[in-house]
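Me: I have a structure open and would like to go through its fold with you. Could you take my questions as they come?

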Amino acid sequence: MTTDGDTMTNASATTAKTVLITGANKGLGFETARRLVEAGHTVYVGSRDAERGLRAADLLGARHILIDITDDGSVADAARTIEAAGGLDVLVNNAGIEVRGPGNSVPGAAELTADQIREVFETNVFGAVRVTHAFLPLLRRSPAPVVVNVSSGLASLTLVSDPATPAHAYPGVAYPASKTALNMVTLQYAKAFPALRINAVEPGFTKTDLNGNTGVQTVEEGAEIIVRMAQVAPDGPTGGYFDAEGPLPW
Ligand code: NAP
């Protein structure tokens, strides 16, 4: 697997692409859509709610597509619609959730239930697989297909097990476990489909609804690596895990 940071930074959009971003009605997905529209790409703002999605797409000058990534029928409908409109070059699996309790707390190891972790995996792992599976036939027809899986620094077994890193202090179980699973999904897909560029990215701790707006970065900063990897060159990295500074330890 190529994990060359230099190749990554040389990657740029040379031709206009058709891009789908799931969960793009707000947060990092919305900012990624804004930047990719600005770069001249045709962008589908994926949203599970028609009203929120249409509003976001109108604001951005993008297309809207209704897609609930936990629903087979919704994902299949979205794939049929985008196929009929001409196909897809870039899929950004961005939609994600974390379970939160009172006071924005996440359930730690003592509180977490099987239902809670299942709910998180349903979106963060099975949702990304469901969408990728449905759109693979379209992507494989693209001359330069790309998948970006929006992961997290909390996915890194190396970082989370190191007391010297901020990731070590995170008490939640479901969300980090789901993103570690997503990283493995990324790696295995990249090996299975060498013609595609498939990478996992860590945006960094960003102020969005996901964390009750407690993040320390702006969405502009957080979206940087997503935007860069969505525009990765055909000879750029695949099967890697990156933040804005370069490759991360798994
Ligand atoms: P956000 O503002 O809460 O946005 C999440 C988006 O996902 C929303 O558009 C939400 O739609 C959508 N979504 C949730 N479940 C969905 C489903 N079943 N089908 C379709 N869309 C769904 O959070 P964010 O911070 O921008 O998160 C974006 C991605 O970045 C996530 O994968 C997250 O894990 C990752 N990430 C975030 C941070 C951070 O610090 N913020 C750090 C690392 C990684 P609704 O509006 O309908 O709820």
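Reply: What follows is a short exchange about this predicted model.

Me: How many strands form the sheet, and in what order?

Reply: The sheet is open and has eight strands, in the order β3-β2-β1-β4-β5-β6-β7-β8, with mixed pairing. Its edge strands are β3 and β8 (246-247), each of which pairs on one side only.

Me: In what sense do β1 and β2 pair, parallel or antiparallel?

Reply: They pair in the parallel sense, over four bridges. Within that pairing, Thr-18 stands opposite Thr-42 in β2. β1, helix α2 (residues 27-38) and β2 together make a β-α-β unit that is right-handed.

Me: Is β2 mostly covered or mostly open?

Reply: Strand β2 (residues 42-47) is mostly covered, with five of its six residues buried.

Me: Let us change topic to the nonpolar core. Which residues touch the most other members?

Reply: In the largest nonpolar core, which has 26 residues, they are Ile-21, Val-45, Val-92, Val-148 and Ile-226. Two or more residues come from each of β1, α2, β2, α3, β4 (90-93), β5 (146-150) and α8 (219-230). The largest share, six residues, is from α8.

Me: What is Val-92 in contact with, beyond its neighbours in sequence?

Reply: Leaving aside residues within four places, Val-92 contacts Val-19, Leu-20, Ile-21, Thr-22, Val-148, Val-150, Ile-226 and Ala-230. Val-92 also stands opposite Val-148 in β5; β4 and β5 run parallel and are joined by four bridges.

Me: Where does Lys-17 sit?

Reply: Lys-17 is in the loop between α1 (5-10) and β1 (18-21). Not counting residues up to four places away in sequence, Lys-17 touches His-41, Thr-42, Asp-89, Val-90 and Ala-144.

Me: Is that lysine buried or exposed, and what is the nearest side chain of opposite charge?

Reply: Lys-17 is buried, and the nearest side chain of opposite charge is that of Asp-89, 6.4 Å away.

Terms used: Residues numbered from 1 in each chain as written. Predicted model: local features only at pLDDT ≥ 70, side-chain atom pairs only at ≥ 80, totals over all residues. Heavy atoms only, no water. Buried < 20%, exposed > 50% of the residue type's maximum accessible area, 1.4 Å probe, protein only. Lys, Arg positive; Asp, Glu negative; His and termini not counted. Salt bridge = Lys/Arg side-chain N within 4 Å of Asp/Glu carboxyl O. Contact = heavy atoms within 4.5 Å. Pairing = 2+ DSSP bridges. Right-handed = clockwise from strand over helix to strand, strands pointing away. Core = buried A, V, L, I, M, F, W, Y, C linked by side-chain atoms within 4.5 Å.
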